Amino acid sequence: MSRHLISSADLSRTDIEGILATAESMHDLQRRDVKKVPTLRGRTIVNFFFEDSTRTRSSFEIAGKWLSADTINLSAKGSSTSKGESLRDTAMTVSAMAVDALVIRHGASGACRQVSQWVRCSVINAGDGMHEHPTQALLDAYTLRTRIGELDGKHVVIVGDLTHSRVFRSNVITLAALGARVTVVAPPTLMPSGIDAWSETDGFETSWDLDTVLAGGDPVDAVMMLRVQRERMSGGYFPTAREYTVGYGLTRDRLDRLVARNADVLVLHPGPMNRGLEIAADAADAPQSVVLEQVSAGVAVRMAVLYHLLAGEDAGSTRPAAPGAA
Ligand code: NCD
């Protein structure tokens with residue numbers, strides 16, 4: 001495993017399985033009264049979030065704290081970025097303080113890869129623009145495997161605003177690596193351009209018709225609903241919210257149809273949810289919904305990623321030298 005985690009494609013199936021196995025033991029810690037372990041004592045992790053976040057930022061912070069690392073949070077507002085400092089200068093400034101890992105969320109696709117070329121510490125992508133969000137895909141895989149076991153041959157349907165979704169981009173890579181069958185569904189206006197060539201290389205199917213996908217072929221094992229990312233939209237991608245829901249929302253009626261074909265079907269959403277738009281409140285709170293399990297898995301998976309990058313067998317050059325070593 002490389003010293004950075006920028007793209008889900010950085011991880012082989014063996015790497016993913018190693019991280020998920022570590023995450024299982026980390027998850028056990030969450031059930032204890034005292035959750036701290038000394039694994040990353042003396043290491044420093046900076047969470048630098050240039051975009052808003054609730055789940056990802058707090059779970060990285062909790063993950064670092066439970067591993068006994070010192071964690072520091074920075075955001076664009078409140079850092080010198082708001083005074084016009086460039087990303088390169090900010091990254092190199094933080095790196096000069098001898099931090100061990102930089103967890104970055106940034107609005108520009110490719111920002112994390114750029115930063116990894118400028119700094120000496122590990123860089124972890126916590127979401128870069130419309131590119132990738134690899135730890136989200138890992139926590140989704142963890143949640144799915146906890147409920148339905150190995151993912152080989154399992155059918156996962158990802159629905160919604162694919163164009164703007166880094167969660168979708170990382171998920172198709174990780175799910176394919178774990179052998180799942182993936183179908184992605186979006187209205188034509190929210191289907192990324194060039195997806196046909198990409199779906200052939202990565203072996204997933206695409207559709208504009210949610211009801212046909214839910215009714216046809218193998219029953220669906222899990223449906224992952226994506227948020228309509230209005231903040232990244234400049235024009236009209238669909239006529240009205242109501243029309244989006246009618247065509248692509250997980251309504252009570254669609255959930256009932258899914259359950260009729262597979263009583264164990266799971267509903268995922270990375271959050272934050274637009275209740276009533278891409279997912280009905282009934283579906284978000286249904287027994288099939290594992291939205292909060294995803295959040296809980298997020299801490300365990302991020303602990304596992306930090307462990308593998310900073311302290312694991314494969315930590316490479318970021319591994320601390322033993323005290324007194326030459
Ligand atoms: C996602 C993100 O920021 O990419 N959320 C998350 O990390 N839990 C998805 C989204 O914002 O819709």
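Reader: How much area do domain 1 and domain 2 bury between them, and what share of it is on carbon and sulfur atoms?

Author: In this predicted model, the two domains bury about 2300 Å² between them, with 57% of that on carbon and sulfur atoms. R13, M130 and H133 supply 29% of the area that domain 1 buries against domain 2, more than any other three residues.

Reader: Why is an area used here at all?

Author: The size of an interface is often given as the accessible area lost when the parts come together.

Reader: Which residues make up domain 1 and domain 2?

Author: The domain assignment gives 8-133 + 298-310 as domain 1 and 135-294 as domain 2. Their C-alpha centres lie 26 Å apart. In contact across the boundary are 30 residues of domain 1 and 26 residues of domain 2.

Reader: How many salt bridges and polar contacts does the rule find between domain 1 and domain 2?

Author: Five salt bridges cross the interface, and 14 residue pairs are in polar contact. On the side of domain 1 that touches domain 2, two or more residues come from each of helix 1, helix 2, strand 3, strand 4 and helix 12. Helix 1 gives the most, with eight residues. By class, that side has 11 nonpolar, 10 polar and nine charged residues.

Reader: What makes R13 and E17 a salt bridge?

Author: The cut-off is 4 Å between a side-chain nitrogen of Lys or Arg and a carboxyl oxygen of Asp or Glu. The closest N and O atoms of R13 and E17 are 3.0 Å apart, so the pair falls within the 4 Å limit. As for the sequence, R13 and E17 are four residues apart in helix 1, and therefore separated by about one helical turn.

Reader: What does the pair of R145 and E17 tie together?

Author: R145 lies in helix 5 and E17 in helix 1, so the pair ties together parts that are 128 residues apart in sequence. Their side chains meet in a salt bridge at 4.0 Å, N to O. R145 has 18% relative accessibility and counts as buried, because buried means under 20%. R13, E17 and R145 also belong to a network of salt bridges with E150 and D152.

Reader: How do you know that E51 and R166 link distant parts of the chain?

Author: E51 forms a salt bridge with R166, with the closest N and O atoms 3.0 Å apart. E51 is in the loop between strand 1 and helix 2, whereas R166 is in helix 6, 115 residues apart. R166 counts as buried at 8% relative accessibility.

Reader: How many salt bridges does the structure hold?

Author: The structure holds 19 salt bridges.

Reader: Why is V156 called buried?

Author: Its relative accessibility is 1%; buried means under 20%, so V156 qualifies. V156 is found in strand 5. Leaving aside neighbours within four places in sequence, V156 is in contact with residues including L144, L175, V182 and A222.

Conventions. Residues numbered from 1 in each chain as written. Predicted model: local features only at pLDDT ≥ 70, side-chain atom pairs only at ≥ 80, totals over all residues. Heavy atoms only, no water. Buried < 20%, exposed > 50% of the residue type's maximum accessible area, 1.4 Å probe, protein only. Contact = heavy atoms within 4.5 Å. Domains from an automatic or database assignment. Buried area = accessible area lost by both parts, 1.4 Å probe. Polar contact = N/O pair within 3.5 Å; in protein donor to acceptor, adjacent residues only side chain to side chain. Nonpolar A, V, L, I, M, F, W, Y, C, P; charged D, E, K, R; others polar.
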